[in-house]
Amino acid sequence: MEYQFILRTKVISEQGATNKAGSFLKEYDVKKVLLVTDQAIVNAGLLGGMLENLRKEGLSCVVFDRVKPNPKNTEVEAVASIAKENSIDGLIAIGGGSVMDFAKGVGVLLTHEGSVREWEGDFTLERDIAPLICIPTTVGTGSEVTWIAVITDTDRNFKMGIVDPKIAPKIALLDPDVIKTLPSSTVASTGMDALTHAIEAYTSRLSSPMTETLACKAIVMIKENLTSLVNDSSNLRASRAMLSASMMAGIAFNNANVGSVHCLSEAIGGYYDLPHGVLNSIFLPFVFRRNISADPARHAEIAYLLGAEKRFASEEEAALEGLNIIMNIRKSLQLPKFNELKKVSPENFEYLAKVAKETPMDESNIKEISEEEYLDIIKEAFNE
């Protein structure tokens, strides 16, 4: 078997690591930092120790705390201009996937000319982005270890991707202290995001022994810890496990890619500006059901990883039990159904199916899904 595996990020799992971010960033001879975050993080009081550490290490800091979900190219470019004016040469991102993708986009423009849209695509960058430390405050995106940035192009209402090892963060800090105040609904949706990453990486056409090992371990850890963390976000054991599981799933899908669940969530999320994790939780079971026929054994293995309590007579039966478990997990977490989301309208479904089919991840899905099948999946989810 031939494959490549890339990991350019140093991972540090340590309680309280957030308050040492400045010390870690000094390793890269950074003098002036842009701290990227959002208002929820500010309101949770998570920045004080970090800012004190930056001062102690002699690093100047500019704070941008207005990142919104699904970062827009126009916003990234505006903040990059401010960063250049302030001679920023390093970045810290503390937040969810949107915050980290936003920081990656700014990092690109600190070392490259033009607009962020000019660097869309695979392996387009000419040099490394500005040194970046990522601190995830959710348990789902894996963006702290990926060399992918997803940014919405406002002209196309389309989530574009910049995919290049040169965009990878230098350091990922997995600090359970920063998710103690995470709302249960966010734990649920981002946890399902991580589960989707793990399942799609495991079933991807581009999977390898390395990615399969990480994905399978992530599935087990999510199964064992997600509900506990939803019930109590201060649960230290569950916090550490979910942060690690999300990270491992991120490494896995970064090297094996994802599939049709993400084709749908990216197309629909970009068009309606809806939460990525929620959409993944909605479409995961519907895509899983259609993918079973392409590799029953692999989908049966997922069922057992998720805790199927008996051995089934056939791989197909076991795989269907895996589907039932996924549906039950989603139901127990009380995540919304597709038809409960605001803005969603059937009049756009044919267009969204077309966009989903054209999304690059489509080629990695274990089964060929036609545009008509994407439309069927969207309708099935809406009529659930």
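A: In this predicted model, the side chains of Glu52 and Arg55 meet in a salt bridge, 3.0 Å from N to O; the term requires a side-chain nitrogen of Lys or Arg within 4 Å of a carboxyl oxygen of Asp or Glu. Residues are numbered from 1 along each chain as its sequence is written. As the model is predicted, local features need pLDDT of at least 70, side-chain atom pairs count only at pLDDT 80 or more, and totals for chains, interfaces and linings use all residues, while side-chain values use heavy atoms, without hydrogens and water.

Q: How are Glu52 and Arg55 placed along helix H3 (residues 48-56)?

A: Side chains of opposite charge can pair when their charged atoms come close. Glu52 and Arg55 lie 3 residues apart in helix H3, so about one helical turn separates them; a helix here is a DSSP run (H or I) of at least four residues, numbered from the N terminus.

Q: Is Arg55 buried or exposed?

A: Buried means under 20% relative accessible area, exposed over 50%, and partly exposed in between (1.4 Å probe, protein chains only). Arg55 is exposed at 54%, and Glu52 is partly exposed at 45%.

Q: Which residue forms a salt bridge with Glu380?

A: Arg290 does, with the closest N and O atoms 2.9 Å apart. This pair links distant parts of the chain, 90 residues apart: Glu380 is in helix H14 and Arg290 in helix H10 (residues 276-291). Arg290 is buried at 18%, whereas Glu380 is partly exposed at 30%.

Q: How many salt bridges are found in the whole structure?

A: The search finds 24. Arg117, Glu120, Asp153, Asp155 and Arg156 are linked in a network of salt bridges.

Technical notes: Helix = DSSP H or I, 4+ residues; strand = E, 2+ residues; numbered from the N terminus.
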